[in-house]
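Good morning. I will take a few minutes to walk through one structure, so please look at the screen.

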Amino acid sequence: MSDGIFSIGVSGLAAAQAGLLTTGHNISNANTVGYHRQSIKQSAVAPISTSGGFLGQGVQVNTVVRAYSQFLDTQLAQAQSQAGYYTAYHAQLAQIDNTVADVNTGVSPALQDFFSALQDVATNPASLPSRQSLLSTGAALAARFNTLATNFNDLRSGVNGQITSTVAEINSYSQQIADLNGRIMAVQINPNQPPNDLLDARDALVSQLNQLVGTSVITQTDGSINVVIGNGQNLVVGRQAMSLTAVPGLDDPRRTDVGYVANGNTVLLNQGSLQGGSLGRLLAF
């Protein structure tokens, strides 16, 4: 009887210790990006049958779970993808607005000056100063258009460079997700014993990936996830990561498009299929 009382007490202490360890882990990771709060799940140990009835055997810790909602995380991922799209799209459009509509260096002031000079010549066609002013404002307007063309070419080059670097980031995230898939599949032998910290790390990568390109995530029974982009192109399947590549556009080689590499072949993706995230914004822009 004393052994039974002792073992019951030890089980309670062990459960309390597990709870304290989990609480300490939560506190330590309060500022960790992507971390989900964890808690223990415990239950009573199966009782033993005696002539006097069933006697309890204490408590046991069944597992440690995280406070996670797949629905909420999906909604957050979609919101992050759209936020990344519109924020970056606004940044690009602002560059055009600053170039075209600036009160000092934009096209509008030069056009106004040119048509004012043209009106002066129409009113006083014999006036040499009016003619000279028209020639000067015409040359200034032409120079302004040349400057505008140069700025637009620089803007195009900048966007092409951003597309290339974004594609490289996407490939990096997809490879890291595939690696975490492999680690999760290796340790999650029992689906009731999830590797919470590895799952959090993978979810954080998916969240960052969604800021670059809109994705769909499909959870598999073995604990891995498949990540899909565009019109159903697999970016991550279990331990395998596919890759994207930046290629010159077919109709305009000066524009950078995105290709999908499969079995050593590169297939050009439809720009309209890559919605959301900064890559979708760059292609739309």
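Helix α5 covers residues 196-212, which makes 17 residues. From its first C-alpha to its last it reaches 25 Å, close to the 24 Å expected at 1.5 Å a residue. That expected span is 1.5 Å times one less than the number of residues in the helix. Helices here are DSSP runs of H or I with at least four residues, strands are runs of E with at least two, and both are numbered from the N terminus.

Before going on, a note on the source: this is a predicted model, in which local features need pLDDT of at least 70 and side-chain atom pairs count only at pLDDT 80 or more, while totals for chains, interfaces and linings use all residues. Residues are numbered from 1 along each chain as its sequence is written, and side-chain values use heavy atoms, with hydrogens and water left out.

Back to α5. Is the helix mostly covered or mostly uncovered? Mostly covered: 13 of the 17 residues in α5 are buried. Buried means under 20% relative accessible area, exposed means over 50%, and partly exposed is in between, using a 1.4 Å probe and protein chains only.

Next, the sheets. Strands of a sheet pair through backbone hydrogen bonds, either parallel or antiparallel. I count two strands as paired if DSSP finds at least two bridges between them.

Take β6, residues 225-229, where 5 of the 5 residues are buried. Which residues point which way? Ile225, Val227 and Ile229 point one way from the strand, while Asn226 and Val228 point the other way.

On one side, β6 pairs with β5 (residues 215-219) in the antiparallel sense over 5 bridges. Threonine 219 has isoleucine 225 in β6 as its bridge partner. The hairpin of β5 and β6 has 5 residues between the strands, and glycine 223 there takes a positive phi near 95°.

β6 is also joined to β7 (residues 233-237), by 4 bridges, and these two strands run antiparallel. Valine 227 is bridged to valine 236 in β7, and isoleucine 229 to glutamine 233 in β7. This hairpin has 3 residues between the strands, with glycine 230 at a positive phi near 55°.

How many bridges link β9 and β10? There are 6, and serine 243 stands opposite valine 261 in β10. β10 is joined to β11 by 4 bridges. Alanine 262 has asparagine 265 in β11 as its bridge partner. The hairpin of β10 and β11 has 2 residues between the strands, and asparagine 263 takes a positive phi near 55°.

Now the core. In soluble globular proteins, nonpolar side chains tend to be buried together. A nonpolar core here is a set of buried Ala, Val, Leu, Ile, Met, Phe, Trp, Tyr and Cys residues joined through side-chain atoms within 4.5 Å. The largest one has 30 residues, and those with the most contacts inside it are Leu244, Val258 and Leu279. The elements giving two or more residues to this core are α4 (128-187), α5, β6, β7, β10 (256-262) and α6 (277-284). α4 provides the largest share, 9 residues.

Contact means heavy atoms within 4.5 Å. Leaving aside neighbours within four places in sequence, valine 258 is in contact with residues including Ile163, Val167, Leu244 and Leu279.

Last, serine 278, which is found in helix α6. Why does serine 278 count as buried? Because its relative accessibility is 11%. Not counting residues up to four places away in sequence, serine 278 touches Gly84, Thr166, Gln211 and Leu212.
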